[in-house]
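Subject: Structure handover

Hello,

Here is the structure for you to open. Please keep it on screen while you read the notes below.

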Amino acid sequence: MHAFPLDELQPISCQGRGPDWDDPSNYGFNDVNGNFSVTLVDVLDSFVTLNDPKGFNAAVRNVVKHVSFDVDTKPQVFETTIRVLGGLLSAHLFASDEDLGNQFAKQSKHSFRLDWYEGELLEMAWDLGKRLLPAFNTPTGLPYARINLRSGVPPGETTQTCTAGAGSLLLEFTTLSRLTGDTRFEKLAKKAYQAVWDRRTSLGLVGNGIDVITGSWYYPIGGGIGAGIDSFYEYALKMYVLTGEQPYLDIWNEAYAAIMNHSRGEDGYWYKAVNAYTGEFSQSHIDSLGAFWPGLQVLAGDVESAIKSHLVYWNLWRRFSAIPETFNIVTKEGITMGYPLRPEFIESTYFLYRATKDPFYLWVGERVLKDLTARNKAPCGMATLSNSVTGEQEDRMESFALSETLKYLYLLFDEENPIHSLDSNFVFTTEGHVLPLPRKYLRRSSSPGGPLNKDAKKSKAPEACPKVPSSLIPTWNDRNHTVGLAGSIADRPDTDYARHLTGLALDAPEVAEDAIRQRLDGICDTPRYDNHPTSFILTAQGEESPEDPNPGLDKLALNADGTGITVYNVSGVKLKAITRVDGRGYDIVQIGRYTVKPFQKVWFADPRLLKAENSSSYVDPYQQQSVPLRFFAESTKLKATPAQKLLQTLFGDAELTLSAVSANWGDQPGQKLAKSEWDPSISSRPRARLGKGSEPLPLVRPPKENRHGCRPHLPQDYEEDPHFAPPQIYADKVLVLDRGECTFLEKAQFAERAGARSVIVLSDEDVLPSMSKSDPDYEFTQMYIKYISLIIVSGKDYADKLNAMLSQTDVRVMVEVDRTKMTGFELVEAAQTNSDAVPKRMRSDWDKLRKVGVGRPLFINGKRLLNAALLF
């Protein structure tokens, strides 16, 4: 009534406003106000939440009739995607999907399907999506932060963008691709997300700002959960919920573990900004956007951690009757005091209530509603607070106030809302849009080897999400405090600790008003955990050994790249470790004379540790071996051709040597073979083998349509005959495949059926295809995957060189296990016969393993050393 068709409502002056035409650099307005009625589009599904079909019908008609994206404005790609594209897609699904309409009709007696609607909103979303595509035309695949919807990316546009802006487009772009069949959107959003994830540091953390041309972090010190990063993590987990595709869950698990290890405060209640490379504390403030994190933790199933982190923001609200934009957790003072009606705290309150049904969260919601009414209410809407202390209002109401803040608050109190009962894989986007993806648009879940699951890169983040267990940080019901008969979260003693963190005084009116307290002096129950250092004198086989007070370089040395310490001989070396806050084991803080920094790792290269399974130090003895490979080209002509000469120029003697890693199932190429074990003329095996001492084998690449090896390898135009097995077109060859699209086991199965004796998988990232006895496929591999090996060659450079060798005409590429280098099996054999100093010839092999992150878990007294690994 007051603003349409402009972008935003000014709630004090009761006027509308659009972009700042006079000042294009006014990004605070122009990033979101693109002259396309952003508030109207953003709130379309809010009518569904409010169970208002008439309002929904009228709003959709207005959007279809009045909104156009053929505008000469330069909004932000991220904001336009989450507010406008997401709003159009959500409303389209409610207006058109029959199953969704039926679900709502059962619950509310109303269906939001529109009889007159013919997909206009989806057509508009497709038009908008196409206008955003030029932003992705960068060397890295990372999109520019802003784009002109009519003319594209302007010359001289900044190449800097935030991590969330580049990586939080997946939900909307994937849905657009699935609904329209235009795959460009999902592919580009996926590529952009992967481009960010691939650049995570060795700690598994991402920085806050990245350059879209170079791909380098220009602001790495802001690693954490707040502004600039927040929704990057959110979209990994929610993409798994929406699509069911496993690689997104794998990314979430690794990312969450990294955050919990390096960003979470030691008490488990707040999350600090850290340097993404070192894990060192970098900023002392938390921000209002970080209040979304408890809600995401609920979705991940870590409710206890969510309760703790929510308590901090709750006490900030109690103190300021709002959440300041930034707050210094050290000085306990606000920094940026404005409150633009952000929804994140209310969103987390809603999710925690749905998970716990604790009335405490209804009480929180009541307090928020009272404060919004008393402080933000304006003549025509709700006004931003320019200062949450003084209550001074600003004549602005951003679109998320209606699309998120009031939506979550309404859902908190509306117990019977049909959205609570939606029987589908729906998510709330980062803009609060209800986004279901009908089952007909789902795909078969990607395997763990899919393109997004580059999980063994250089990151040292643990595989599981660490949580603060009650044995280390006792929860409220572990303590000997008496707080009456009530069992609500409000009665937990640690709520006072969260109050203390925010600087809210015990005698403050907010505390007296909000809490019914049994102890007027407060509890302030500070969490406790044991981080006292424990020292060990290391031995390889449990024998008594005196401390070596000054171990030399023959025992341990700082790695040349500074990323850690390598221990060659453990005898007498003193190790100091502390118990991890998450209770999962120890962190080494000192080894010998070296202090271990947060970003460093300790590598143990003493092979005698393998024999000490019953001593105080041992490694889990599953076999995953390093395999040195030698590739070389042979001309298939008697005389060298120009192509052969070119190959000689590119590769010297047309040879490539590298260190690879084999699976610990199937045939083992790292074993030394006698002739009787590989020569098909005298071997009892069905075919020859790839192993140390065997003859070289020819390398072959399958056709492009099956480069991943995830389908049977059959001759062209092959017609299946049920009476005959398919021909083995790769008999006695080594098959080179790309990583992804199916599991390693499936690749090996299809290759073995085609007669191959080994599979070499090319991977841009380091990966260890291991399998333990507890794995459901373990028995299958022991019975049926006997005569083929699987080897991983990591690194894009190696993949490019191998592909170049294989692309030459009149050339046959051969592979063998390098006879001049030691395999992992031989290193183990050496360990069993040599208990003295480590042979020098082994050190170069171990150095290579360390650089690619190949290592085995190491334990002391049954507890794992989290920042250590054994180089086998």
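Buried means under 20% relative accessible area, exposed means over 50%, and partly exposed lies in between (1.4 Å probe, protein chains only). Helices are DSSP runs of H or I with at least four residues, strands are runs of E with at least two, and both are numbered from the N terminus.

Some ground rules. This is a predicted model: local features need pLDDT of at least 70, side-chain atom pairs count only at pLDDT 80 or more, and totals for chains, interfaces and linings use all residues. Residues are numbered from 1 along each chain as its sequence is written, and side-chain values use heavy atoms, with hydrogens and water left out.

Back to α5. This helix covers residues 77–96 and reaches 27 Å from first C-alpha to last, close to the 28 Å expected at 1.5 Å a residue. The expected span is 1.5 Å times one less than the number of residues. α5 bends by about 30 degrees at Gly 86. That bend is the angle between axes fitted to the seven residues ending there and the seven starting there.

Next, α24. It runs over residues 796–807 and reaches 16 Å, close to the 16 Å expected. Its buried residues are Ala 799, Leu 802 and Met 805. Seen down the axis of α24, they fall within an arc of 130 degrees, so they line one face of the helix. The arc is taken from the directions from the helix axis to the C-beta atoms. The face turned away from the buried side of α24 carries the exposed residues Asp 797 and Ser 807.

Now the disulfides. A pair of cysteine sulfur atoms within 2.5 Å counts as one. By this rule there are two.

- Cys 14 is joined to Cys 380, S to S 1.8 Å. The pair links distant parts of the chain, 366 residues apart. The torsion about the S-S bond of Cys 14 and Cys 380 is about 90 degrees, so this disulfide is right-handed. Cys 14 is partly exposed at 22%, while Cys 380 counts as buried at 18%.
- Cys 710 is joined to Cys 742, S to S 2.1 Å. The torsion about the S-S bond of Cys 710 and Cys 742 is about -80 degrees, so this disulfide is left-handed. Cys 710 counts as buried at 19%, and so does Cys 742 at 3%.

Best wishes
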